[in-house]
Amino acid sequence: DAQAPAVTPAGRRITVLGNAANVDEGRRALDAGAEGIGLFRSEFLYMQGPALPDEETQFAAYRAAAELCGARPLTVRTLDIGGALPYMHFEPEENPFLGWRAIRVSLAMPELFRTQLRALLRASAFGNVRVMFPMIASVGEFRAAKAVVETCMAELDAEGVAYDRDIALGVMIET
């Protein structure tokens with residue numbers, strides 16, 4: 001039974017989370033028995049239009065996903081993309097899938113990163129949102145990303161905007 005909890009033969013409970021690239025995929029995963037979304041790929045927002053999505057566009061998508069999940073976890077991976085966007089011009093690389101992409105792009109383009117993080121923080125007021133930074137290869141990269149989150153939190157505090165002050169931050173380690 002897909003809706004029954006996953007339990008090992010030894011009786012240990014296993015949490016089963018789904019992967020989704022958008023809210024519709026998230027809904028299908030939850031309908032199939034997922035207990036939350038363990039990887040929500042934010043790239044779909046960046047691949048839909050002729051330009052970078054603004055904060056409101058991202059907030060609406062993340063809020064819809066957060067409301068869909070409710071108390072169940074929603075782990076959103078920040079932008080994990082390299083040279084695949086036609087409106088962004090990256091220098092040619094030998095292997096763009098392992099080079100300048102993901103957290104490296106986000107940290108090098110602080111306005112792009114802040115826009116996404118502000119939208120994610122705002123959405124965290126509507127569900128159990130968690131943030132995962134992709135392609136982290138050092139503690140320094142995580143600390144730098146966390147510092148940007150803290151800056152965004154201070155901005156939202158100053159603006160009186162609600163968000164989850166205890167939002168979970170995590171990493172996808174890739175080297």
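Visitor: Which residues is Asp80 in contact with, leaving aside its neighbours within four places in sequence?
Guide: In this predicted model, Asp80 is in contact with Glu43, Arg101, Ala102 and Pro134, its neighbours within four places in sequence being left aside.

Visitor: Where is Asp80 placed?
Guide: Asp80 belongs to the loop between β5 (73-77) and α4 (102-108).

Visitor: Is Asp80 buried or exposed?
Guide: Its relative accessible area is 10%, so Asp80 is buried; the cut-off for that class is under 20%.

Visitor: What about Arg77, in which strand is that residue found?
Guide: Arg77 is part of strand β5. Arg77 has a relative accessible area of 9% and is therefore buried.

Visitor: And which residues does Arg77 touch, not counting residues up to four places away in sequence?
Guide: Arg77 touches Leu39, Phe40, Arg41, Ser42, Glu43, Gln116, Met132, Pro134 and Met172 when residues up to four places away in sequence are not counted.

Visitor: Which residues does Gln116 touch, not counting residues up to four places away in sequence?
Guide: With residues up to four places away in sequence not counted, Gln116 touches Ser42, Tyr46, Gln58, Tyr62, Arg77, Thr78 and Leu79.

Visitor: How many residues apart in sequence are Gln116 and Glu55?
Guide: They are 61 residues apart in sequence, and their C-alpha atoms are 6.5 Å apart in space.

Visitor: Let us turn to the helices. At what angle do α3 and α5 pack?
Guide: Helix α3 (residues 55-69) packs with helix α5 (residues 110-123) at an angle of about 35 degrees, and their axes are 8 Å apart. The crossing of these two helices is right-handed.

Visitor: Which residues make that contact?
Guide: From α3 the contact takes Glu55, Glu56, Gln58, Phe59, Tyr62, Arg63 and Ala66. From α5 it takes Thr115, Gln116, Arg118, Ala119, Leu120, Arg122 and Ala123.

Visitor: How many of the residues in the contact of α3 with α5 are nonpolar, polar and charged?
Guide: The contact of α3 with α5 has six nonpolar, three polar and five charged residues.

Visitor: Moving on to rings, how many aromatic pairs are there in the whole structure?
Guide: A search of the whole structure gives four aromatic pairs. For Phe40 and Phe44, the ring centres are 5.8 Å apart and the planes stand at 90 degrees, so this pair is edge-to-face. Phe40 and Phe44 are both buried.

Visitor: Which residues form an aromatic cluster?
Guide: One aromatic cluster is formed by Phe113, Phe133 and Phe142.

Visitor: How about the backbone, what is phi of Met135?
Guide: Phi of Met135 is near 60 degrees, which is a positive value in a residue other than glycine. Most residues other than glycine have a negative phi. Met135 lies in strand β6 (residues 128-136), and its relative accessibility of 4% means that Met135 counts as buried.

Visitor: And Gly26, in which helix is that one?
Guide: Gly26 is in helix α1 (residues 23-31). Gly26 is buried, because its relative accessible area is 2%.

Visitor: Which residues is Gly26 in contact with, leaving aside its neighbours within four places in sequence?
Guide: Once its neighbours within four places in sequence are left aside, Gly26 is in contact with Ala20, Ile37 and Leu68. Gly38 lies twelve residues from Gly26 along the chain, and the C-alpha atoms of the two are separated by 10.0 Å.

Visitor: Finally, the overall picture. How many helices and strands does the chain have?
Guide: The chain has six helices and seven strands. Their order from the N terminus is β-β-β-α-β-α-α-β-α-α-β-α-β.

Visitor: What share of the residues counts as buried?
Guide: The chain has 175 residues, and 43% of them count as buried. Of the contacts between residues at least 6 apart in sequence, 66% join residues at least 24 apart.

Key. Residues are numbered from 1 along each chain as its sequence is written. This is a predicted model: local features need pLDDT of at least 70, side-chain atom pairs count only at pLDDT 80 or more; totals for chains, interfaces and linings use all residues. Side-chain values use heavy atoms; hydrogens and water are left out. Axes are lines fitted to C-alpha atoms, for helices over the stretch in contact, and angles run from 0 to 180 degrees between N-to-C directions. Helices (H or I, at least four residues) and strands (E, at least two) are DSSP runs, numbered from the N terminus. A crossing is left-handed if the near helix is turned anticlockwise from the far one by less than a right angle, and right-handed if clockwise. Contact means heavy atoms within 4.5 Å. Ala, Val, Leu, Ile, Met, Phe, Trp, Tyr, Cys and Pro count as nonpolar, Asp, Glu, Lys and Arg as charged, and the others, Gly among them, as polar. Rings of Phe, Tyr and Trp (its six-membered ring) pair if their centres lie within 6.5 Å; planes under 30 degrees apart count as stacked, over 60 as edge-to-face and the rest as tilted. Buried means under 20% relative accessible area, exposed over 50%, partly exposed in between (1.4 Å probe, protein chains only).
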